[in-house]
Amino acid sequence: MSTIGVGIIGGSQGGWASISHIPALNALPDCELRAVSTSRLESAQAAAKEFGVQGAYDHHADLLAHPGVDVVVVAVKVPYHRELISVAIAANKTVYAEWPLALNLTEATELTQSAEAAGVRTVIGLQGRYHPGLRYARQMIEEGRIGRVIGTTMVASGMVWGPQTTKNHTYWFDNNQGATLLTAAALHAVDALNVTLGEFEHLSANLVVGRKEVTVTDDGGKVVPVTAPDQIALIGTLEGGAAASVFYRGGVSRGDNFRWEINGTDGDIVVTAPWGNLQVTDLTVEAGF
């Protein structure tokens, strides 16, 4: 098998890709990072030097034209996803897009249809479903250890979306920027729930803006308005008839920051973590039969 060449749009030092994608790529013998692009050539060259790659660009078009890039990772803010994923699809590149895929359903549908029409393979970064702890929980359920699942409850914290933030992260509190408590932390968790227990057949949601303002600590204590809901309540029925509820709150709780119970006719599974974003934390899985 030939080595798969990867290019990262949004591969700056200290960014999400540098602490997640690049260490993973370095651990895969069949993959090789071959190019990075950022908004400035200086930062792209600095990242390329740190990560040991030759390709350093200040425009995504140059990265897409790199003959050694087979897979393009889009790791930038959500408002830019539609444009960048679209041109990567047009360039016939396999695309790994960070979650959330797009700003809204219309954009997400458009991207899906474009990829299908072009016959391009795509991946969305919903990595929580692959967590070893959740794989083990699924295995116990599939083996019938807890009988038929009749209910599940998940309560967790977003860890951010609290009373304070920094200038670089104020966009998290803007409902128009796509990276909200609902679309990020909560839906990462809901995806893992769905993969483990099945999709929702019926669903109701209540989205509340609890904190009306957030203080920007590195901007002289500036206070900016919050438009993104920071209290997320979902309730519904899953395939197979199990009752399900999910509650995500902004910030950090002085109680549990992640607790997920899965209740069956013959037993229970409890998944806990000190950090509310299950896709990037260690999970403790306990069960009783």
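Okay, let's start with overall size: for 289 residues, a compact globule would have a radius of gyration near 19 Å, and this chain comes out at 20 Å, which agrees. Keep in mind that what you see above is a predicted model. Along its principal axes, the C-alpha trace spans about 55 × 55 × 35 Å. As for what the chain is built from, the secondary structure comes to eight helices and 16 strands.

How much of the chain is buried? Of the 289 residues, 46% count as buried. And if you take the contacts with a separation of 6 or more, 63% of them are between residues 24 or more positions apart.

Now, the inside. In soluble globular proteins, nonpolar side chains tend to be buried together. Here, the largest nonpolar core has 43 residues, and the ones with the most contacts inside it are Tyr248, Phe258 and Trp260. The largest share, eight residues, comes from α8.

Let's zoom in on Phe258.

Next, a pair of helices. Two packed helices are described by the angle between their axes and the distance between the axes. For helix α5 (residues 81-90) and helix α6 (residues 105-118), the angle is about 5° and the axes are 10 Å apart. Angles under 35 degrees count as roughly parallel, so α5 and α6 are roughly parallel to each other. Who touches whom? From α5 we have Arg82, Ile85, Ser86 and Ile89, and they meet Glu107, Glu110, Leu111, Ser114, Ala115 and Ala118 in α6. Sorted by class, that contact has five nonpolar, two polar and three charged residues.

While we're in α5, have a look at His81, which is found in that helix. Is His81 buried or exposed? It's buried, at 0% relative accessibility. Leaving aside neighbours within four places in sequence, His81 is in contact with Val74, Val76, Ser86, Glu98, Pro100 and Leu101.

Most residues other than glycine have a negative phi, and most peptide bonds are trans. Well, the peptide bond from Trp99 to Pro100 is cis, with omega near 0°. You'll find Pro100 in the loop between β5 (94-98) and α6.

Then there are two residues to check for phi. Asn92 isn't a glycine, yet it has a positive phi of about 65°. Asn92 sits in the loop between α5 and β5, and it's exposed, with a relative accessible area of 57%. Met159 isn't a glycine either, and its phi is positive too, at about 75°. Met159 is in the loop between β7 and β8 (164-165). Where Asn92 is exposed, Met159 is buried, with a relative accessible area of 12%.

Definitions and conventions:
Residues are numbered from 1 along each chain as its sequence is written. This is a predicted model: local features need pLDDT of at least 70, side-chain atom pairs count only at pLDDT 80 or more; totals for chains, interfaces and linings use all residues. Side-chain values use heavy atoms; hydrogens and water are left out. Axes are lines fitted to C-alpha atoms, for helices over the stretch in contact, and angles run from 0 to 180 degrees between N-to-C directions. Helices (H or I, at least four residues) and strands (E, at least two) are DSSP runs, numbered from the N terminus. Angles under 35 degrees count as roughly parallel, over 145 as roughly antiparallel, 65 to 115 as roughly perpendicular and the rest as oblique. Contact means heavy atoms within 4.5 Å. Ala, Val, Leu, Ile, Met, Phe, Trp, Tyr, Cys and Pro count as nonpolar, Asp, Glu, Lys and Arg as charged, and the others, Gly among them, as polar. A nonpolar core is a set of buried Ala, Val, Leu, Ile, Met, Phe, Trp, Tyr and Cys residues joined through side-chain atoms within 4.5 Å. Buried means under 20% relative accessible area, exposed over 50%, partly exposed in between (1.4 Å probe, protein chains only). The radius of gyration is taken over C-alpha atoms; the globule rule is 2.2 Å times the number of residues to the power 0.38.
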